[in-house]
Amino acid sequence: MSDFPAAMAPTTDSLQHASAQAQALRVELRKAVIGQDQVIDDVLTALIAGGHVLLEGVPGLGKTLLVRALARCFGGDFARIQFTPDLMPSDVTGHAVYDLHTEQFKLRKGPLFTHLLLADEINRAPAKTQAALLEAMQERQVTLEGEALPIGQPFMVLATQNPIEQEGTYPLPEAELDRFMLKVRMDYPDAQQELDMVREVTRSSRADMLDVQPLRTVLQAQDVLQLQQIASELALDEQVLDYAVRLARATRTWPGLAIGAGPRASIALVRGARARALLRGGEFVTPDDIKGCALAVLRHRVRIAPELDIDGLEVDQVLKQLLDQIPAPRQ
Amino acid sequence: MRLSDASVVIRPRTAWEAMDLGVLMAREYRLLLMSSWALVSLPVFALLTALLWDHPSIALFVFWWLKPAFDRLPLYILSKALFGETPSIKQAVRHWPRLLKSQLLLSLTWRRLSLSRSFVLPVSQLEGLGGQARQQRLGVLLQRNAGAARWLTIIGVHLEIGLWFGCMAMFYLFIPDQVESDWDWQRLALAAGSDWLWLEHLTHAFYALILVFWEPIYIACGFSLYLNRRTVLEAWDLELVFRRLRQRLSSVAPLLLLVVGLMLIHASPQVMADDSNARTQLSTQAASQSVKTVLEQPPFKNPETVTRYRFGDEKPAAKNKAHGDGKLPAWLQSLLDSLNSNTFKHVGQGLEILLWSLVIGLLALLVWRYRDWLRAFVGRRPQRSPKIVKPAPAQLFGLELGIETLPEDIASTAEQLWPTQPREALGLLYRGLLSRLLHDYHLPLKSADTEGQVLERVHQLQQPHLLAFSDELTRHWQNLAYGHLLPPVSAQQKLCSDWRALFRSGAAQ
């Protein structure tokens, strides 16, 4: 048996502290967004893994609320862009303006320079505006007037889109979809949870939204960076790594999938699994962590075979079939 | 059988014309044919449906397979009606059981899938031939028109399917909008619960109704093809002409004979008188000479020059055979002889078997090669029968799980292993647990299940002791396997004693 290198493994204390912080954040978020525990876990996974999230759900499920609650619990900056058909790339990244007093051009940074960015209804803006996010999401910098400006860390994009209203929308291109670490589907809450939610919301002072003011700030931007650091150092067995890569590779040859996932999917699987392990309070990554985030990681990176699409099958069904057939690791 | 009584015009026709005649015949007796068919087949269909209510596909398949048994009735009616003895529905249906007696088993087994079924049915039913005689008869009959008979069956299959789909489409169009909008097609296709069995039976009933319409026509066409073939073979039309001639002339025949006789008597002396001189001058030799020259000319002899390739010198071999003194060595001769004999028949049969097995093997290989594809696109329907118990996998997650691969006393073996090989010891316990879950508790574990999913399944068993033990063992196992953390010594004792408490008592019960 080979032990993990001692330098790699974070100390138990810092691990427990980080895990407690993450769980406290989860508890706070669950107070605000009722009945979406799975979605909250996924969003936190992306936050800890340093990835971006694409939230998909019909209107009224609390997508924007979730992001606002997250911004509230986390002490960093928060910006929001409502994507519209006439939104220009410079509205996102920023632009140079002429200052009459100094008679010089001054750079005016766009809403992109923040910690937490909510790109609401991202598919309503045309492709060029969507592409303005590409550089920021991958390289965490923005090039304005030939000058590369770094974006502060941590940086996380939460984009929302609505799967039913497709008229006048611009579907995200594959390259941009691949930049999102997770695509999270929001579904209707259970009956009991919906009861609770309605009770809470109607008690709130705002018209139809739960008040996020009473939520306490659990984390500062610095803490998030530390969480990310600790998560990336979590112990990972070779077998588990192999499982993640096998999953991603299987999508490329799977008969029900026309296009498989690229290497970014394997990377996202492992990072997501590390974040989930931290969220769970574990000291190492298990295959369960990989499997737990596999659907969210893979569903926007593969394309279902046309025959199955015509048959009315969903990507999730095909992926579940795949997950049910790839052997899990054991030693 | 009196051909002169036939109600159709008997003359040689082309195959398609003959089938057209069959359609006409079916139209002529449509009421009788269809109602008798319906009287016989629909009760059988209803009975099958009632018996196999849970397996609609099997019911339809059995009904379809029984078609030759019903086919005999329309053929009986048509054969009677051809000579004007049209039976009533009651008579026909009452006669049906008697029709089934001959060769029913054969026609329901290996003759069932014959494409020229309707064409050859009259041979066994009307002529009553069987065995070798039938084979010879078919050999003669099938020399012509066999292709048309096969096409008839193929067209019939397509017509049945087309009409069937048409019926279903019509049924669908008649469903009111508000009922139809409630249907979830995907659920209908995938779940196919017992609520929808009646719908499946209904569509099958459409098929039975289609057969009431089509099957008599099919049989009539086959029968008319058969009649046409026999007309051509046995010159029925000429026989009819002669009979008619005889009938017409029977009254005037004596008079006619008298007139012809008188004319011959009057004419013959003149003919003989013309060349009497030439005849007397012929001597016997000259006559035989002239006969020979005539015989040497066409049409008695037609010499032809044929140029072809020939294998070696054939004549000496033949001569050798005749003379018996070997210019060729004996072994060559015997080889040549054996080439002509039946010895190589077996070799040929062997080769045939080899080639067929090659084809079958290739097909199997093809199916195996595309098994993933087939699994994804063909085998996507949910399994209907949960009764089929899958054999427990012998190997799961790379661990041997067969009972025989595990030691008799797992706890003791683990205790022995612990000081030296803790990893193997814990692995053994975990394997033992999985094996117990698979074999004793019949949990449907798959190799894709992670430890967490195995625990979830144990949770569903609702056995608190087992759950607590599995929980603890899984935790230690995960710590060791993925976290590389050794469990404390105290855990070893506890796990082993828990194992004994759990599975000893379980075994004792």
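Tutor: Start with helix α4 (residues 67-82) of chain B and helix α7 (residues 117-125) of chain B: their axes come within 11 Å and cross at roughly 70°. Axes here are lines fitted to C-alpha atoms over the stretch in contact, with angles from 0 to 180 degrees between N-to-C directions. Helices are DSSP runs of H or I, at least four residues, numbered from the N terminus.

This is a predicted model, in which local features need pLDDT of at least 70, side-chain atom pairs count only at pLDDT 80 or more, and totals for chains, interfaces and linings use all residues. Residues are numbered from 1 along each chain as its sequence is written, and chains are lettered from A and ligands numbered from 1 in the order in which they are written.

Now the residues. From α4(B), the contact uses B:P68, B:D71, B:R72 and B:L75. From α7(B) come B:R117, B:L121, B:P122 and B:Q125. Contact means C-beta atoms, placed from the backbone, within 7 Å. By class, there are 4 nonpolar, 1 polar and 3 charged residues. Ala, Val, Leu, Ile, Met, Phe, Trp, Tyr, Cys and Pro count as nonpolar; Asp, Glu, Lys and Arg as charged; the others, Gly among them, as polar.

Next, the cover over α7(B). Of its 9 residues, 7 are buried (20 or more other C-beta atoms within 10 Å of a residue's own). They are B:R117, B:S118, B:F119, B:V120, B:L121, B:P122 and B:S124. These buried residues pack against α4, α8 (131-141), α9 (146-174) and α12 (197-234) of chain B.

Terms used:
Helix = DSSP H or I, 4+ residues; strand = E, 2+ residues; numbered from the N terminus. Contact = placed C-beta atoms within 7 Å. Buried ≥ 20, exposed ≤ 12 C-beta atoms within 10 Å, placed from the backbone.
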